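This report describes the fold of one protein chain.

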Amino acid sequence: MRTILITGPGGSGRTTVAAATALAAAREGTRTLVLSADRTDTLGAVLGVTTGPAPARVAPNLTAWRPDAVAGFRDDLAAFQERAANVLDLLGASRLDAEEVTPLPGAEELTLLRALRDAALAEAHDLLVVDLPPTPQALALLALPEELRRYLRRLLPPERQAARALRPVLGRLAGIPMPSEWLYETAARWDSELGAVEAVLADRDTVVRLVAEPGPAGADAVHSAGLALALHGLRPDSVVANRVLPEGASGWLAGLVAQQRKALEEWQEPYDVRTVAHLGRDPRGMDDLAALAVPGALDVNDTTSTVEWPVADRLADDGVLVWHIPLPGAIRDDLDLIRRGDELVVAASQFRRIVPLPSVLRRCTVEGAALREGELRIRFVPDPDLWPQRP
């Protein structure tokens with residue numbers, strides 16, 4: 001199944017473009033699901049129908065789904081209380097009833113990720129179009145599975161032997177039984193579910209599409225989004241320039257047209273830019289969506305948003321291994337690197353990611369780094385104490 005993740009700055013019309021993209025694919029005969037996590041039914045307002053927590057067919061070959069974060073959070077909490085019943089009773093904890101539960105921050109993001117995973121695993125559709133939140137929240141959402149899996153591995157490592165041996169002793173010291181096998185089973189289930197989401201996001205049939213209105217604010221948003229996506233090994237398959245005004249406009253509109261033209265020219269070199277004309281009104285309903293010339297599901301030059309971070313072997317010539325990390329738009333003064341064991345903390349501007357080192361680099365030390373032509377090149381030197389000696 002092909003997946004298109006659509007995001008953009010707030011007010012850019014990303015929901016409209018997502019709905020139009022899904023409708024166009026459905027009219028071509030592709031079984032399509034459009035997914036949104038907005039609390040308000042913005043997707044339904046654009047489509048001209050009501051969407052909700054149950055997937056509903058809104059047009060031939062087109063299904064819309066807006067999962068309910070509150071219901072999902074209640075179900076998760078109820079299941080957790082049931083599995084932890086013995087410990088909660090020993091602590092004298094009072095259980096929460098479903099009626100008094102409100103979702104915590106982050107529940108909507110987790111609900112959308114779970115729906116994304118379920119839709120991919122169900123294989124009931126050929127195309128999944130996801131209306132992501134505005135760009136900053138969308139980038140945090142895309143990074144969430146990797147970050148949560150890292151936390152789980154640090155807090156509850158898969159190697160349980162030590163924990164099993166120490167549990168009786170720790171239990172006597174604490175005065176209550178330590179969490180039993182359900183804790184590790186829960187962690188393993190979460191890790192498996194998050195891994196499934198990661199697999200969907202990293203799949204070569206998954207692409208990220210940016211929607212922005214050309215202009216100074218849109219240009220800043222696209223630059224920031226491109227850098228953040230690159231830090232996570234992604235790039236947009238295209239930039240959809242939305243609400244483009246016609247050339248030749250006069251009066252005060254001429255200034256806006258000039259602004260849009262300048263932004264479009266700046267985007268042309270690094271991105272595959274597709275323009276969507278301004279209808280002169282806010283699109284509402286199937287007819288308006290069909291009038292938008294949005295790029296199709298396969299109407300892009302590249303087939304994937306995944307970007308490789310290769311390691312170049314230059315041991316024979318320079319005695320180093322070089323890790324190439326594409327970071328288009330990065331500024332040298334805004335970059336920071338920290339080595340922590342087998343992980344590398346990479347910070348670019350306000351964005352930050354902790355990545356595991358490739359196995360070959362874990363036996364090396366960092367010699368230096370340079371930013372050249374939009375690519376961060378980190379040099380590693382083999383550690384003689386860890387590197388196999390050549391005869």
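## Strand pairs, sheet and overall figures

Strand 14 (residues 364–372) and strand 15 (residues 375–382) run antiparallel and are joined by eight bridges. The model is a predicted one. Within this pair, threonine 365 lies opposite valine 381 of strand 15. The two strands make a hairpin with two residues between them, and glutamate 373, in the turn, has a positive phi of about 55 degrees.

Histidine 324 belongs to strand 10 (residues 320–326). Its side chain makes a polar contact of 2.9 Å with the side chain of glutamate 375. Setting aside neighbours within four places in sequence, histidine 324 is in contact with Trp309, Pro310, Ala312, Glu375, Leu376 and Arg377. Is histidine 324 buried or exposed? Its relative accessibility is 16%, so histidine 324 counts as buried, the cut-off being under 20%.

The model also holds an open sheet of eight strands, with mixed pairing and the order 3-4-2-5-1-6-7-8. Strand 3 (56–59) and strand 8 (273–277) are at its edges; each has a single partner strand, so one side of each lacks a neighbour in the sheet. On average, neighbouring strands of this sheet are turned by 25 degrees against each other, direction ignored. Strand 2 (residues 32–36) pairs with strand 5 (residues 127–131) in the parallel sense, over five bridges. In that pairing, valine 34 stands opposite valine 129 of strand 5.

| Helix | Strands touched | Angle between directions |
|---|---|---|
| Helix 9 (residues 216–231) | strand 6 (206–212) and strand 7 (236–244) | about 160 degrees with strand 6 |
| Helix 10 (residues 252–268) | strand 6, strand 7 and strand 8 | about 170 degrees with strand 7 |

Some figures cover the whole protein. There are 12 helices and 15 strands. Of the 391 residues, 45% are buried. Among contacts with a separation of 6 or more, 69% are between residues 24 or more positions apart. The protein exposes about 20,400 Å², of which carbon and sulfur atoms supply 53%.

Methods
Residues numbered from 1 in each chain as written. Predicted model: local features only at pLDDT ≥ 70, side-chain atom pairs only at ≥ 80, totals over all residues. Heavy atoms only, no water. Pairing = 2+ DSSP bridges. Helix = DSSP H or I, 4+ residues; strand = E, 2+ residues; numbered from the N terminus. Axes fitted to C-alpha atoms, helices over the stretch in contact; angles between N-to-C directions. Contact = heavy atoms within 4.5 Å. Buried < 20%, exposed > 50% of the residue type's maximum accessible area, 1.4 Å probe, protein only. Polar contact = N/O pair within 3.5 Å; in protein donor to acceptor, adjacent residues only side chain to side chain. Areas by Shrake-Rupley, 256 points an atom, 1.4 Å probe, with all protein chains shown as cover.
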